[in-house]
Amino acid sequence: MNQITLTFPDQSTHMFPSGVTPLEVAESIGARLAQSAVAAVVDGKSVDLNVPINTDAEFSVLTGNSPEGHNVLLHSTAHLMAQSVKELFPNAKVTIGPSIENRFYYDFDVENPFTAEDLLRIEEKMKHLAKENYSVERITLSRDDALSFFKEIGESYKVEIIEDIDTNETLSLYKQDNFIDLCRGPHVPATGKIKYFKLLDSSGAYWRGDEKNKMLQRIYGTAFSSKKELKQYLHLLEEAKKRDHRKLGKELELFTFDEEVGPGLPLWLPNGAIMVEELENLAKETERKAGYKQVRTPHLTKGQLYERSGHLKHYKDSMYPAMDIDGIDYYVKPMNCPHHHKIYASSMRSYRDLPLRLSEYGTCYRYEKSGQLFGLMRVRSMQMNDAHIYCTEAQFKEEFLAVCKMYLKYFEIFGIEKYQMRLSLHDPKELGGKYVNEPELWLKTEKAVREALEEGELNFTEIPGEAAFYGPKIDVQVWSAIGKEFTLATNQVDFAIPARFDLTYTNEKGESETPLCIHRAPLGTHERFIGFLIENYGGDFPLWLAPVQVIVLPVSDKVLSYAKQVEEELLQADIRVNLDAKPDKIGAKIRQAELSKINVMLIVGEREAENHTVSVRRRFEGNTGTIKVMDVITSLQEEINQRRNAHRKES
């Protein structure tokens, strides 16, 4: 029998008979590993545990504890759920069921939306099918045979998917008992491997995310390799529900949406407008110190501007339709860059003028599909602290790194401890299509960005094929206090568009050169960032950011006049304060202030009125003592001016 050599992750090598399966290899290593295995990696490709290995290869076992193995477990559980739905609802048509971060979903075409009782029935059926321990078998068919099979069983969505596949290669299907689904795999070897799972909720979802298509019913679920991990994740989900920015945004009166205004177009209420203003103040202060110059540009422009920049070609589907004005197409602006290029071009520039840093707090509009809108996280109207830095090639690294360091300063202010910078690179195969066709400039610019990140000792990972059409970019991922991941900001390099706008500067030799342009928005859009802050803080904002910083609570009407005096002194000190003049008992007022997540409560009674003092109560700290009003003001002003990020305990 022929022998093959497998190289393990620790670089050790072992001989096995040709045709050995990954499961047999795992069993040779140890029964415990074989029991926890869900798939394997052979020469960098994830495969099923029963696929024969016939050549020398690098080999590793995937367990449910690894990210790749967890995805296999999640996707396998999605198939188990689809099988259960088909058994309980025979007329249901299956569509797609991918794994996403720590979860999976599957979309179904059913007559009626799923109810909470339906989810319980489906979950019970899944438990039954898992206990039956059905083998999961991979089947390969030609494209035509697969098409005929799904037509025969009436799965029209699978037929549509296959018809869109332009290949003569064989397609893979997975079978467990009488359920067969189109899938690349890999999957767990048997349904008995799926033990710890939970269906979470259901919602409507358009087929392929297009509101012109039929509304389907989506079921979300999760799965883990241990009961402990499942329990921990479900606890985090409960915390996430409490912190949901849509729920807290309504309770704290931060923002609202209205159908007559339009979906995805947020209305900032007074409390939310304060937060937007505080973020703008922070960013403007930071940028002034960094040498930025503020500009303003109109909300709409002629379409020819976006034709020249290339945005119309690449982003038209995400732009609102053109408005015909005097026979000319105008668009509401989806981004600020072309306008800033025009501001640069409004004057002659010398190398002595560079770097030129232009920033703006403009509103942009993008047409997001209605099925993709999500609270403040995905909107159609957005305000952003956008800026463009025009610099020489020699200045590039320093400027790019300065932007990245600005991110770190913001992370410190907001207490963001976990972050990652994703360096998005171009795909050489898509030059001239998705990306501008400048292969040498791509490599040169990507090298410069990589070196800047390395010199700055910044945590980053490289992601091929996700660059902007005009250059590489940094996408900043952050994690909230409960481990939820957000895409926060971007830092992009543009080596192509300045030339399209004939942007130049005169160098030291008196020659004309084209500047590089850095696009950056360290706080992203205010909508998304405030959504992140709501969930990160759970609505318990640092004092400087809180819409209402202080509430004055008189114990009775006898001291109402003094309470108003205290309120006025705080207002004059530029501290945001409310007065609760309702005739409720003080205990009820305190409870209401706690529910409203107000940071500082100043309680005043007759003794306080006599001594011109207040009794201070801090959220999460309780009573902190009776203090002179001016001393309280001084202390609060110091905390606010320093933008302290007080760490909150869980309530």
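Colleague: Which residues does His341 touch, not counting residues up to four places away in sequence?

Modeller: His341 touches Tyr390, Asp494, Ile497, Phe501, Leu503 and Cys517, where contact means heavy atoms within 4.5 Å. This is a predicted model, in which local features need pLDDT of at least 70 and side-chain atom pairs count only at pLDDT 80 or more, while totals for chains, interfaces and linings use all residues. Residues are numbered from 1 along each chain as its sequence is written, and side-chain values use heavy atoms, with hydrogens and water left out.

Colleague: Why is His341 called buried?

Modeller: Buried means under 20% relative accessible area, exposed over 50%, and partly exposed in between (1.4 Å probe, protein chains only). The relative accessible area of His341 is 1%, so His341 is buried. His341 belongs to helix 12; helices (H or I, at least four residues) and strands (E, at least two) are DSSP runs, numbered from the N terminus.

Colleague: How much of the chain is made up of buried residues?

Modeller: Of the 651 residues in the chain, 49% are buried. The secondary structure comes to 20 helices and 35 strands. Among contacts between residues at least 6 apart in sequence, 69% join residues at least 24 apart.

Colleague: What makes Asn102 stand out in its phi?

Modeller: Phi of Asn102 is near 60°, a positive value in a residue other than glycine. Most residues other than glycine have a negative phi. Asn102 sits in the loop between strand 7 (99-100) and strand 8 (103-109). Its relative accessibility is 25%, which falls between the two limits, so Asn102 counts as partly exposed.

Colleague: Why is Glu457 called exposed?

Modeller: Its relative accessible area is 75%, which is over 50%, so Glu457 is exposed. Glu457 also has a positive phi, about 55°, although it is not a glycine. The residue lies in the loop between helix 14 (439-455) and strand 25 (460-464).

Colleague: How do you know that the peptide bond from Gly185 to Pro186 is cis?

Modeller: Its omega is near 0°. Most peptide bonds are trans. Pro186 is in the loop between strand 11 (179-182) and strand 12 (196-206). Another cis peptide bond joins Leu354 and Pro355, with omega about 0°. Pro355 is in the loop between helix 12 (337-345) and strand 20 (356-360).

Colleague: Which residues form a nonpolar patch on the surface?

Modeller: Leu300, Met323 and Ile325 form it, with about 210 Å² of accessible area together. Accessible areas come from the Shrake-Rupley method with a 1.4 Å probe, and for residues only the protein chains shown count as cover. Patches are made of residues with over 30% relative accessible area and no salt bridge; like charges are joined within 9 Å, nonpolar side chains (Val, Leu, Ile, Met, Phe, Trp, Tyr) within 5 Å. A salt bridge is a side-chain nitrogen of Lys or Arg within 4 Å of a carboxyl oxygen of Asp or Glu.

Colleague: Which residues gather in a patch of negative charge?

Modeller: Glu307, Asp324, Asp326 and Asp329 gather there, on the surface. Lys and Arg count as positive and Asp and Glu as negative; His and the chain ends are not counted. Glu307 belongs to helix 10 (residues 303-309). At 55% relative accessibility, over the 50% limit, Glu307 counts as exposed.

Technical notes
The place of a charge is taken as NZ of Lys, CZ of Arg, CG of Asp or CD of Glu.
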